[in-house]
Amino acid sequence: MRTGFPDFRLGNVLATSFTGTLSERHGDAVERIPTPHRLVDWLAVNGLAVDSCTTAQLDLARELRESIHAAATAAAIQDALPASAVQVINDRSAQGRAAAILTPEGERRWRLSSASCVEDALSVIATDAISVIAGERDGKLALCASPTCQAAFFDTSQSRTRKWCDMNTCGNRQKKARFNANQRKNPSSAE
């Protein structure tokens, strides 16, 4: 893993984790894949190892990321999916040569083409986004309650009432802000 870059925010859903490579979209945005090599790192961490990445492929990846974010956000608020986002997701899904394989442990993994290219990995991410946005998986799309984040995430909690994309970042930040505001209102309660 290359140092000097922000940590990845990993989740259980590939497509929404990928949209998390740009966080704090409504505040001081944090780009977590600023270079082609950093995209290679993210793909490897997510089981989609590729040999290399060009600047043009990084641009394709970012376009897919933003399209997934736009479509997932629309789906979460039950709005019409943006046609341009749907087109990009469909195009990336169709362009790859990845195949699902079953491991001896009974898990699904992805096998990329022998020339492991970024387009194959993007195809897997786009396919995952399609299954999430189309409602084919158990859970629901939601938006982070943090006003600076508002990331789309896939809520698989039993009650489907999760508020934060990541409790360790957005959730804790909001709870700390609420605690500090209460302490300022009631300074005697801290004693």
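Colleague: What do the side chains of Arg92 and Glu63 meet in?

Modeller: A salt bridge, at 2.4 Å from N to O. Bear in mind that this is a predicted model.

Colleague: Which helices do Arg92 and Glu63 lie in?

Modeller: Arg92 is in helix H4, residues 83–95, and Glu63 is in helix H3. The pair therefore ties together parts that are 29 residues apart in sequence.

Colleague: Arg92, buried or exposed?

Modeller: Buried. Its relative accessible area is 7%, and the cut-off for buried is under 20%.

Colleague: And what about Glu63?

Modeller: Glu63 is partly exposed, with a relative accessible area of 37%.

Colleague: How many salt bridges does a search of the whole structure find?

Modeller: Nine.

Colleague: OK, which residue does Glu107 form a salt bridge with?

Modeller: Arg109. The closest N and O atoms are 2.7 Å apart. Glu107 counts as partly exposed, at 38% relative accessibility. Arg109 is partly exposed too, with a relative accessible area of 43%.

Colleague: What about Arg137 and Asp128?

Modeller: Their side chains meet in a salt bridge, 2.4 Å from N to O. Asp128 is buried, with a relative accessible area of 10%. Arg137 is partly exposed, at 28%.

Colleague: Which residues do salt bridges with shared partners join into one network?

Modeller: Arg25, Glu31, Arg62, Arg65 and Glu66.

Colleague: Which one gives the most?

Modeller: H5, with four residues.

Colleague: What is the lining of the largest pocket by class?

Modeller: Six nonpolar, seven polar and four charged residues.

Colleague: Now the second largest pocket. What is its volume?

Modeller: About 350 Å³. The lining has 19 residues. Leu10, Gly11, Phe153, Arg162 and Cys165 are the closest to the centre of this pocket.

Colleague: Which elements each supply at least two residues there?

Modeller: H1, strand S1 (22–23) and strand S6 (152–155) do, for the lining of the second largest pocket.

Colleague: And where does the largest share of that lining come from?

Modeller: From S6, which supplies three residues.

Colleague: How does the lining of the second largest pocket split by class?

Modeller: Nine nonpolar, seven polar and three charged residues.

Colleague: Last topic, confidence. What is the mean pLDDT of the chain?

Modeller: It is 86, and 91% of the residues reach 70 or more.

Colleague: Where is confidence lowest in the chain?

Modeller: In helix H6, residues 167–185, at a mean of 72.

Colleague: And where is it highest?

Modeller: In helix H3, residues 55–76, at 96.

Technical notes:
Residues numbered from 1 in each chain as written. Predicted model: local features only at pLDDT ≥ 70, side-chain atom pairs only at ≥ 80, totals over all residues. Heavy atoms only, no water. Nonpolar A, V, L, I, M, F, W, Y, C, P; charged D, E, K, R; others polar. 1 Å grid on protein atoms, 1.4 Å probe; cavity = no way out; pocket = protein on both sides within 12 Å on 5 of 7 lines; lining within 4 Å. Points joined across faces, edges and corners; volume = space filled by probe spheres on them. pLDDT = per-residue confidence, 0-100. Salt bridge = Lys/Arg side-chain N within 4 Å of Asp/Glu carboxyl O. Buried < 20%, exposed > 50% of the residue type's maximum accessible area, 1.4 Å probe, protein only.
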